[in-house]
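Work through the exercises below with the sequence and the model open. Try each task before reading its solution.

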Amino acid sequence: MKPFTYVVPKSLADASDEAKKPNTLVKGAGVDLIDRMKERLQTPERIVNLLPLKDELAGIAVEADGELRIGALTTLSQLEQHEALAAPALAGLRESATATASPQIRNRATVAGNILQFTRCWYVRSEAFRCLHGGRGPTCLAMTGENRYHAVLGWLDCVRVHPSNLAPPLLALDAEYTTKLGEQIRRRKFTDLFPAEPKAQNAEHTLEVGEIVTAIHVPKPAAGTRTAYCESREKATFDWATTACAVKVVLAGGKITAANLVLGAVAPVPLPRPKAAAMLVGQTPSDTLFQKVAEAAYAGASPLAHNDYKLTVGKAVVREALAQATR
Ligand SMILES: Cc1cc2nc3c(=O)[nH]c(=O)nc-3n(C[C@H](O)[C@H](O)[C@H](O)COP(=O)(O)OP(=O)(O)OC[C@H]3O[C@@H](n4cnc5c(N)ncnc54)[C@H](O)[C@@H]3O)c2cc1C
């Protein structure tokens, strides 16, 4: 690992001032970041450790208007165990945390770090390869190479997939996030966190240099809201998803009155599928309906040489998520 200066901030304002300095990165638990630094994929001169700011940036609170505020440094264990997430409206978010990695990692990993973790593409994450997204080569090596874990939807010139479990359910829940950049506090929709055009040269998120995520906000769910998160993976645990689906439905009188559907692990960004979700609205839940919605969720897919299994498995995961949400 290249030597770096380790900054321990005394306050959020202090961290924010430090984060703006050139060639600086902020660190949550470091599960992803330190891995990348060890492999010399990132060689910052300064690391600002956010963990001393846990009093300010960790924890979950239900606000007076029913909105859930999740501090950026909240661990995945704290998230999955919080009583507010026991509600059927937030079951998908809880399950996405529970399905992540292992208990040891969930005890350390932060919510913001999970959402902002770097892609697992083995070409971009290896020092041995020079690829377009890593900024070290002319093409996406996965496009013509080993691509069983890569994208089947929404890709342009790079077939990386977005690895975060938490991002799809947060999108399905219409979450927002707050950041601090110098003196500026900004609150934006979760959809703004990911590039609209996920090209190879684009960063995986839209944060500005030095911008620190301070909290995630989940609006109070409407009465009758139910959510679910399902994923496929090769190993039973301690593994990233090969496909994932988060759904939110609002049920009234046995019918679905509103719906969101977001795919994970199949595109360079967590991918909302509004046309598929719209097919649910006004309908009574049924296997036949879920079959059609799953087909629509994967409509227009462009699988690569080694990953067309994602279409079969991914549609089954969509059907299961819908069945769980409406059970
Ligand atoms: C064996 C293994 C299995 C795993 N399985 C899964 C899985 O199934 N699903 C899944 O989703 N993840 C999985 N992970 C990934 C893991 O969940 C993430 O690496 C972890 O959540 C990152 O959190 P962190 O706090 O350590 O982030 P860090 O490593 O500290 O940071 C990650 C990135 O986020 C940035 N960052 C962190 N906090 C902030 C902030 N507040 N504001 C701005 N930028 C910030 C950092 O600069 C860095 O670029 C797995 C990891 C391992 C090792």
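**Exercise 1. Locate Phe238 in this predicted model, then decide whether Phe238 is buried or exposed.**

Solution. 
- Start with the chain. Phe238 sits in the loop that links strand 9 (225-232) to strand 10 (243-252).
- Count neighbours. Phe238 has 12 other C-beta atoms within 10 Å.
- Apply the cut-off. A residue with 12 or fewer counts as exposed, so Phe238 is exposed.
- Check the backbone. Most residues other than glycine have a negative phi. Phe238 has a positive phi, near 65°.

**Exercise 2. Find the loop that holds Ala265 and state whether Ala265 is buried or exposed.**

Solution. 
- Ala265 belongs to the loop between strand 11 (255-264) and strand 12 (271-272).
- Its phi is positive, about 65°, although Ala265 is not a glycine.
- Now the count: 29 other C-beta atoms lie within 10 Å of Ala265.
- The cut-off for buried is 20 or more. Ala265 is therefore buried.

**Exercise 3. Describe the shell around the ligand by residue, class and element.**

Solution. 
- Begin with the number. The ligand is surrounded by 31 residues.
- The closest are Gly28, Val31, Ala109, Gly113 and Leu116.
- Sort by class. The shell holds 19 nonpolar, nine polar and three charged residues.
- Sort by element. Strand 2 (24-27), helix 7 (111-116) and strand 8 (212-218) each give at least two residues.
- Helix 7 supplies the largest share, four residues.

**Exercise 4. Why does the ligand lie between two domains?**

Solution. 
- Take domain 1 (54-116 + 162-218) and domain 2 (225-326).
- Both contribute residues to the shell around the ligand, so the ligand lies between them.

**Exercise 5. Characterise the packing of helix 11 against helix 12.**

Solution. 
- Two packed helices are described by the angle between their axes and the distance between the axes.
- For helix 11 and helix 12 (residues 309-326), the angle is about 135° and the axes are 9 Å apart.
- This angle makes helix 11 oblique to helix 12.
- Helix 11 crosses helix 12 in a right-handed sense.

Methods. Residues are numbered from 1 along each chain as its sequence is written. This is a predicted model: local features need pLDDT of at least 70, side-chain atom pairs count only at pLDDT 80 or more; totals for chains, interfaces and linings use all residues. A residue is near a molecule or strand if its C-beta atom, placed from the backbone, lies within 6 Å of it. Ala, Val, Leu, Ile, Met, Phe, Trp, Tyr, Cys and Pro count as nonpolar, Asp, Glu, Lys and Arg as charged, and the others, Gly among them, as polar. Domain bounds come from an automatic or database domain assignment. Axes are lines fitted to C-alpha atoms, for helices over the stretch in contact, and angles run from 0 to 180 degrees between N-to-C directions. Angles under 35 degrees count as roughly parallel, over 145 as roughly antiparallel, 65 to 115 as roughly perpendicular and the rest as oblique. A crossing is left-handed if the near helix is turned anticlockwise from the far one by less than a right angle, and right-handed if clockwise.
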